Amino acid sequence: MQTTGYTTLTRMAGLEREMRVVANNIANAQTKGYRQQGVLFSEYITDTDRGSVSMATARISETLTHQGSLELSEGQFDLGLQGDGYFLIQSADGPRLSRAGAFTTNAAGELVTPSGMAVLDSGGAPIQLLPNAGDTRIGQDGTITQDGAPVAQIGVVEPTDPAGLVREGNLLFRADAGFEPSENTTVMQGFLEASNVDPIGQMARLIEVQRAYEMGQSFLDAESDRVKSSIQSLSR
């Protein structure tokens with residue numbers, strides 16, 4: 001394959017990855033706490049005896065961190081965050097950060113995510129709620145009060161390096177550089193943060209990427225036909 005073919009293939013591989021990312025954004029447009037993901041293309045240029053060659057790759061992912069709208073749910077353990085902070089969640093691989101605040105309690109009375117992962121307090125420990133408590137209120141600083149007595153404070157943190165967050169699945173992030181308590185985030189009981197996906201913009205982008213991919217495929221097909229024609233002419 002000639003250089004033009006390899007160049008086109010690298011571009012198409014990046015477009016295919018972007019299509020998967022955009023499709024996943026669209027599929028999670030209604031997922032509470034989901035944050036839109038994007039793909040950044042990088043370019044590698046090298047000199048050859050026929051001039052310079054440019055190769056494009058899409059190996060860098062970015063997450064849009066702007067605030068999603070807060071929607072009223074009135075759930076007792078539904079929590080939305082107003083600000084840059086994240087909930088602290090205990091996964092099987094260690095503490096993780098999340099904006100998804102649809103919580104519940106398990107049989108042991110711990111505050112957990114729908115998948116059963118423990119929600120951690122400001123000290124990094126699972127939150128244990130009082131059994132048979134009549135009234136549970138959660139203040140804007142994350143303090144949980146049951147029957148008038150404070151029992152725990154929900155851990156709300158910010159990554160030390162926001163650009164270094166590593167996405168794990170759709171709702172969790174790993175902060176390799178660590179995290180610290182958030183000073184400017186408000187906890188809203190009875191609200192959930194909607195996805196920050198722009199559905200219309202993502203649909204338009206999906207169409208653009210599909211067209212660019214099809215154009216690359218058409219070029220490869222034409223190039224293949226040209227090579228075949230040249231070989232047939234030489235063999236006569």
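Begin by selecting Glu74, which sits in the loop between strand S3 (70–72) and S4; strands here are DSSP runs (E, at least two residues), as helices are runs of H or I of at least four, and both are numbered from the N terminus. The model is predicted, and local features need pLDDT of at least 70, side-chain atom pairs count only at pLDDT 80 or more, while totals for chains, interfaces and linings use all residues. Residues are numbered from 1 along each chain as its sequence is written, and side-chain values use heavy atoms, with hydrogens and water left out.

Glu74 has a positive phi of about 65 degrees although it is not a glycine. Most residues other than glycine have a negative phi. Glu74 is also exposed, with a relative accessible area of 65%; exposed means over 50%, buried means under 20%, and partly exposed lies in between, with a 1.4 Å probe and protein chains only.

Next, select Gly85, in the loop between strand S4 (79–82) and strand S5 (86–91). Is Gly85 buried or exposed? Gly85 is buried, with a relative accessible area of 0%. Leaving aside neighbours within four places in sequence, its contacts (heavy atoms within 4.5 Å) are Arg99, Val156, Val157, Glu158, Ser182 and Thr185.

Now display the open sheet formed by three strands in the order S10-S11-S12, with antiparallel pairing; two strands pair if DSSP finds at least two bridges between them. Its edge strands are strand S10 (136–138) and strand S12 (149–153), each of which pairs on one side only. From one strand to the next, the twist averages 25 degrees, where axes are lines fitted to C-alpha atoms (for helices over the stretch in contact) and angles run from 0 to 180 degrees between N-to-C directions.

Within this sheet, strand S11 (residues 143–146) and S12 pair over four bridges in the antiparallel sense. S11 and S12 form a hairpin with two residues between them, and in the turn Asp147 has a positive phi of about 50 degrees, although Asp147 is not a glycine.

Of its 17 residues, Phe103, Leu111, Ile127, Ile144 and Ile154 touch the most other members. S4 and S5 each supply at least two residues of this core. Select Ile127 and, not counting residues up to four places away in sequence, its touching residues include Leu111, Val119, Leu120, Ile144, Ala152 and Ile154. A second, separate core of eight residues includes Tyr86, Leu88, Leu97 and Ala175.

The last stop is the largest pocket, which is lined by 15 residues, with Thr63, Thr65, Pro162, Ala163 and Leu165 lying nearest its centre. On a 1 Å grid over the protein atoms alone, a cavity is a set of points where a 1.4 Å probe fits but cannot get out, whereas a pocket is an open set with protein on both sides within 12 Å along at least five of seven lines, and lining residues have an atom within 4 Å of a point. The pocket volume is about 300 Å³, counted as the space filled by probe spheres set on the points, which are joined across faces, edges and corners. Strand S2 (51–63) and strand S13 (156–159) are the elements that give two or more residues to the lining, and the largest share, three residues, comes from S2.

Notes:
Core = buried A, V, L, I, M, F, W, Y, C linked by side-chain atoms within 4.5 Å.
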